[in-house]
Structure formats: structure tokens, C-alpha cells
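Have the viewer open and follow along.

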Amino acid sequence: MVRMQIRAGIKKPVGVDFRSIPTPGRGKSLGDLFKIMTLKNHGCVNRPFYHIEVRRMREPKIEGIPPIAQVGTFDPMPNEKGEKLCALNLERIAHYIGRGVKVSEDVQMLLGLAGFLPQSPETYARAWRNREEIQYLEE
């Protein structure tokens, strides 16, 4: 039997922690909704190199503030085989996307090309523009 206590005319059980009772929607953290997965430049002007980082959206762009997590890297300069290298920690990316972290357009294009997310419409538009430019230069 649960003891009841009357406070301001409302009967409430004594000694029951209502935060521990599972209810729909209580498990989701609202703190992850204000985070974003972005590219951060760690190279120089002639040699760009990017880290894929999870950051707070409202955080100022100051060098001294570390990101929440680094989930990948991207090297846009082609190597001797003509490849642009991208290393992704897909397990952590799936974890953060599942928690509601937003994904920037550039990272969404990379994850689409990697086959992790659906292709971004911007990827198709960029490929179409590149094909048109190549045809124009060949004429």
C-alpha cells in the first residue's frame, strides 16, 4: 500500500520517483537536437584536409573549443591513383544520427556517396553541372 500525501488539494503518493517510471518519449534527450555534424578544415590554403565533427549548433566558431566527437576525415586532394580519401566511423555516425543530430549539406553528400544515406539532390545537380561543363569544353 502506498502512502498518500495531500499537497495543495492534490493527492500524491509519497516515496515514488516519477522520473524512473518509463513513459513514451521520456527516453529521448533534447540536448542532441541542438547538435550538428559538419566539416571542419584542418589543412591549409594549398592543401585542404577536413575532419567530420559533431558540434553544438549555437557554439561560436572559436579554435579553442574542442568538438563533441570526431567521426571521420576527408581528404579532397586526389592521391597518385586519382582517389579522394574519406574515412568514416559508421557506427558512431549511426549513433549520432539516431539520437537526432542534424547533418550539414556537405557531410550529407559524403555520406550519400559512401552509401550510408540516400543521395543528396545537390549531388545530382553538381554532377549534371560538371557533365555540362565537360561537354562545353570539348566543343
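**From the surface inward**

Of the 139 residues in the protein, 21% are buried.

How far can you trust what you see? The mean pLDDT of the protein is 81, with 76% of the residues scoring at least 70. Among its elements, strand S5 (residues 69-75) has the highest mean pLDDT, 94, while strand S1 (residues 4-7) has the lowest, 55. Where pLDDT is low, the predicted coordinates should not be read in detail.

Now trace the chain. You will find three helices and seven strands, and from the N terminus their order is β-β-β-β-β-β-α-β-α-α. Turning to contacts with a separation of 6 or more, 32% of them join residues 24 or more positions apart.

For a closer look, go to helix H2 (residues 105-113), where you will find Val107. Is Val107 buried or exposed? Its relative accessibility is 1%, and because buried means under 20%, Val107 counts as buried. Which residues does Val107 touch, leaving aside its neighbours within four places in sequence? They are Met37, Thr38, Leu39 and Ile52. Pick out Leu39 from that group: Val107 and Leu39 are 68 residues apart along the chain, yet their C-alpha atoms are separated by 6.7 Å.

Notes:
Residues are numbered from 1 along each chain as its sequence is written. This is a predicted model: local features need pLDDT of at least 70, side-chain atom pairs count only at pLDDT 80 or more; totals for chains, interfaces and linings use all residues. Side-chain values use heavy atoms; hydrogens and water are left out. pLDDT is the predictor's confidence in each residue, from 0 to 100. Helices (H or I, at least four residues) and strands (E, at least two) are DSSP runs, numbered from the N terminus. Buried means under 20% relative accessible area, exposed over 50%, partly exposed in between (1.4 Å probe, protein chains only). Contact means heavy atoms within 4.5 Å.
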